[in-house]
Amino acid sequence: TRSQKERVAKSIQSMGDVLREQGECDRAMEAYSEALQIRRALEAEQPQQGQGNEMVVVDWEPPELRVASTLYSMGLLHLQMEEWEMALVRFEEALRIHQEDRTGNDNNCIVGGSNGIIGGLPHDDNDHKMAMCLHKMGKAYAGSNKYDLALEH
């Protein structure tokens with residue numbers, strides 16, 4: 001089921017976090033890549049608003065925000081590996097997802113079928129995650145000696 005696949009992705013991402021903390025960068029990237037692949041597939045199969053009569057499990061974080069979480073973790077790993085451009089790519093995509101979620105969900109609740117809802121995150125949490133992406137982008141710019149861009153973030 002979708003929830004089982006998400007639990008697998010969450011566990012794999014957690015393994016990546018542990019591997020990153022232990023300095024096992026290649027293995028951590030493999031774990032993050034696998035988690036990202038699962039989460040992108042779940043995002044792609046997400047039911048569209050008002051589609052179908054199936055019961056949708058209440059879920060407080062939409063699939064796209066889980067994708068952003070994995071991208072953010074990948075960005076942290078790229079920072080650790082001093083891969084500044086790749087870090088920027090990951091943080092920029094995570095930031096874009098959070099920005100789209102913020103502007104696309106005025107009330108932070110998406111109807112996901114006739115019998116259930118999928119809720120979004122409160123704006124404060126989403127704003128915090130956007131701020132963290134910008135902060136880490138600044139670190140990547142500083143790492144690549146682009147101090148003028150670092151100061152903008």
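Here is a short walk through the structure above, from its overall layout to one residue inside it.

Let us begin with the ground rules. This is a predicted model, in which local features need pLDDT of at least 70 and side-chain atom pairs count only at pLDDT 80 or more, while totals for chains, interfaces and linings use all residues. Residues are numbered from 1 along each chain as its sequence is written, and side-chain values use heavy atoms, with hydrogens and water left out.

The chain has six helices and two strands, where helices (H or I, at least four residues) and strands (E, at least two) are DSSP runs numbered from the N terminus. Of the 153 residues, 44% count as buried; buried means under 20% relative accessible area, exposed over 50%, and partly exposed in between, using a 1.4 Å probe and protein chains only. Take the contacts (heavy atoms within 4.5 Å) between residues at least 6 apart in sequence: 69% of them join residues at least 24 apart.

Now look at the start of the chain. Two packed helices are described by the angle between their axes and the distance between the axes. Helix α1 (residues 2–21) packs against helix α2 (residues 25–44) at an angle of about 160 degrees, with the axes 8 Å apart. Here axes are lines fitted to C-alpha atoms, for helices over the stretch in contact, and angles run from 0 to 180 degrees between N-to-C directions. The pair is therefore roughly antiparallel, a label for angles over 145 degrees. Residues in contact include V8, I12 and L19 from α1, and A31, I38 and L42 from α2.

Next comes the largest nonpolar core, which holds 27 residues. Such a core is a set of buried Ala, Val, Leu, Ile, Met, Phe, Trp, Tyr and Cys residues joined through side-chain atoms within 4.5 Å. Within this core, L71, L77, F91 and I97 touch the most other members. The elements that give two or more residues to the core are α2, α3 (63–80), α4 (84–104) and α5 (123–143), and α3 gives the most, with nine residues.

Finally, which residues does I97 touch, not counting those up to four places away in sequence? They are E64, L65, V67, A68 and L71. Of these, A68 lies in helix α3 and is buried, with a relative accessible area of 1%.

Key. Parallel < 35°, antiparallel > 145°, perpendicular 65-115°, else oblique.
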